[in-house]
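Please work through the exercises below with the sequence and the coordinates at hand. Each task sentence is followed by a solution that goes step by step.

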Amino acid sequence: MHTRALTLSVLACALALGACKRTEPAAESAKPAEPAAAAAPANAAASAAPTTPAGPGADDNLNAVLWVQTSAEYRAATETVYRAAADKLDVALKQKNWDALVPDERGNAATGLAPAVVMDVDETVLDNSPYQARLVRDGKQYDEVSWDAWVAEKKAKPLPGVVDFAKAANAKGVTVLYLSNRAEHLQAATLANLRAVGMPVKDDSVFLGLGTFVEGCEQNGSEKNCRRKLAGQKYRVLMQFGDQLGDFVQVVANTPDGRNQLLEQYHDWFGERWWMLPNPTYGSWEPALFNNAWDQPSEARRASKRAALNVAP
């Protein structure tokens, strides 16, 4: 998947951590005198009943994170993607002109190069939903300090189905490249996490993180086009895997229309050369709805998202 600082979006309202203290029942000496008994039950009940704890505030990401962590549907979706990709792998290997890089990113002939698959890391190979869950729990938003600390824990688990696919590809002589928007300084922790969950890691060169230098190519923000070109210099890329449109092709106009036009242009590539994993928790689709203006107050960003709802008028 993107630099989390640029592409990650975790929408959150303030999350209340402390529940309100319960109101103690009124003392016996405070009860009204008998003549006022007719009015007493309602008043006494109001004063004696404990107040309802405020509880956590609304969080746009709550259901999304829970779906990833608890639903059988999410597991079924990711396993479907990786099993289908495994079935296509032999076809891709046999066809010498098969290439998963768009023509603009293929600067040299792919024929005769060693085969590889390009995989995003976050929410494509590794599941970072515990980090998202902590943000929901604590009423916080993504920041680089907390993200780096999470990566350093090396606790991310693999998505269902990904390890089996990667091992099958590796057994066929296909190198797995990890093209991630995790910064280069997170390489060691990331590769250690990948190895720990059973993913094949040929050597350090298979990690192409944010900040990787590519001669003659100027990277625009967290776009991955330069690093895809670098992968194409050494490998025939059979497949690409990601959870964001930008994991497959450069997104020049991050607007709903611009993104849909790209999807239409490369529609036939999905399910053949490109494989999209579900990620409802964050992504560049979200800021596309509010003109990519993260400097807006959260209320303004939410208003733009609500305005984008299709209510079938």
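Predicted model: local features only at pLDDT ≥ 70, side-chain atom pairs only at ≥ 80, totals over all residues.

Residues are numbered from 1 along each chain as its sequence is written, and side-chain values use heavy atoms, with hydrogens and water left out.

**Exercise 1. The whole chain**

State how many helices and strands the protein chain has, and what share of its residues count as buried.

Step 1: the protein chain has eleven helices and seven strands, where helices (H or I, at least four residues) and strands (E, at least two) are DSSP runs numbered from the N terminus.
Step 2: of the 313 residues, 45% count as buried, a class that means under 20% relative accessible area, with exposed being over 50% and partly exposed in between (1.4 Å probe, protein chains only).
Step 3: the accessible surface of the chain comes to about 15900 Å², and carbon and sulfur atoms hold 55% of it; such areas come from the Shrake-Rupley method with a 1.4 Å probe, and for residues only the protein chains shown count as cover.

**Exercise 2. Helix α4**

Compare the reach of helix α4 with its expected span, locate its bend, and find what covers its buried residues.

Step 1: α4, residues 72-94, has 23 residues and reaches 35 Å from its first C-alpha to its last, close to the expected 33 Å, the expected span being 1.5 Å times one less than the number of residues.
Step 2: at Lys88 the helix α4 bends by about 35 degrees, the bend being the angle between axes fitted to the seven residues ending there and the seven starting there.
Step 3: the buried residues of α4 include Tyr74, Thr78, Val81, Tyr82, Ala85 and Leu89. An α-helix has 3.6 residues a turn, so residues three or four places apart point the same way.
Step 4: the cover over these buried residues includes α3 (62-70), β1 (114-119), α7 (162-171), β6 (235-242) and β7 (274-276), with contact meaning heavy atoms within 4.5 Å.
Step 5: within α7, Val162 counts as buried at 0% relative accessibility, and its C-alpha atom is separated by 7.5 Å from that of Glu79, 83 residues apart along the chain. Not counting residues up to four places away in sequence, Val162 touches Tyr82, Met119, Thr124, Val125 and Met199.

**Exercise 3. Aromatic pairs**

Classify the ring pair of Tyr82 and Phe241, and then that of Phe270 and Trp274.

Step 1: a search of the whole structure finds 15 aromatic pairs, where rings of Phe, Tyr and Trp (its six-membered ring) pair if their centres lie within 6.5 Å, and planes under 30 degrees apart count as stacked, over 60 as edge-to-face and the rest as tilted.
Step 2: the rings of Tyr82 and Phe241 have centres 5.4 Å apart and planes at 20 degrees, so this pair is stacked. The pair links distant parts of the chain, with Tyr82 in helix α4 and Phe241 in strand β6, 159 residues apart.
Step 3: Tyr82 is buried, with a relative accessible area of 1%, and Phe241 is buried with a relative accessible area of 1%.
Step 4: Phe270 and Trp274 form an edge-to-face pair, at 5.4 Å centre to centre and 75 degrees between the planes. Phe270 counts as partly exposed at 23% relative accessibility, whereas Trp274 counts as buried at 0%.
Step 5: ring pairs link Phe248, Tyr266, Trp269, Phe270 and Trp274 into a cluster.

**Exercise 4. Helix α9 and Lys234**

Step 1: among the buried residues of α9 are Arg227, Arg228 and Leu230, and the cover includes β1, β4 (175-183), β5 (207-210) and β6.
Step 2: Leaving aside neighbours within four places in sequence, Lys234 is in contact with Leu113 and Ala114.
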